[in-house]
Amino acid sequence: MSGPHGASDEHGDSEAQLTRSARGDTGAFTHLVRAHSSALHGYFARRMPAAAEDLLSETWLQAFAARRTFDPARGSARGWLFGVAHNVLAQQLRRAGRKEPAPGPDVTDPWQVVDQRLDAAAMAPALRRALAELPTEERELLLLISWEQLTPTEAAAVVGIPAGTARSRLHRARGRLRDRLALPRPTGPAGRNLTATGDLA
């Protein structure tokens, strides 16, 4: 079975699995771990690679403890799990006395996924600089959509802001990227015809 964004979820609907887990079905939670661990590990590996394994374990511990708080009417299981992961990362950053992740020397290429989405490889350094200049929340929204393949609504829930606020900040962030990269304004019915920045557009 294919899940959101084309991802395969061989265990079926994650919302149903999480709901069953909240009702006492421990096997359902095991299916969630199998289905989403890879994506959650990638989230941490791109932000705090040295601690990715520990952060993933802590995320599953906190998700299991909080599973009864999941409400499918308020969003997807995937978005909810990334929200837990976002909180775990924030807790780790606070313990480390930092406000946002900063790639360390053990990061081979933290922008590899972004680079792969570029049509022109020469634009990659400029894109990195432009992203680094964005406000933290705007950058996180963009990267949750580009790297983690969340929807704008799911990304808004992860960072804890209303969907409408997220859309306006995404619009502003994309405008800033276009201006810094001297790209043309989007065209087409979806307003996403910015091939140079792929999902970031």
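Contact here means heavy atoms within 4.5 Å. The model is predicted, so local features need pLDDT of at least 70 and side-chain atom pairs count only at pLDDT 80 or more, while totals for chains, interfaces and linings use all residues. Residues are numbered from 1 along each chain as its sequence is written, and side-chain values use heavy atoms, with hydrogens and water left out.

**View 1. Helix α3 meets helix α4.** On the α3 side, Leu55, Glu58, Thr59, Trp60, Gln62 and Ala63 touch Trp80, Leu81, Val84, Ala85, Val88, Leu89, Gln91 and Gln92 of α4. Sorted by type, that's nine nonpolar, four polar and one charged (Ala, Val, Leu, Ile, Met, Phe, Trp, Tyr, Cys and Pro count as nonpolar, Asp, Glu, Lys and Arg as charged, the others, Gly among them, as polar).

**View 2. Arg47 and its two glutamates.** A salt bridge is a side-chain nitrogen of Lys or Arg within 4 Å of a carboxyl oxygen of Asp or Glu. Arg47 pairs with Glu140 at 3.5 Å, N to O, and with Glu148 at 2.8 Å, N to O. Arg47 sits in the loop between α2 and α3 and Glu148 in the loop between α7 and α8, so this pair ties together parts 101 residues apart in sequence. Arg47 is buried at 4% relative accessibility, and Glu140 is buried at 13% (buried is under 20% relative accessible area, exposed over 50%, partly exposed in between; 1.4 Å probe, protein chains only). Arg46 joins Arg47, Glu140 and Glu148 in a salt-bridge network.

**View 3. Arg180 pairs with Glu133.** Their closest N and O atoms are 2.6 Å apart. Arg180 is partly exposed, with a relative accessible area of 41%.

Technical notes. Helices (H or I, at least four residues) and strands (E, at least two) are DSSP runs, numbered from the N terminus.
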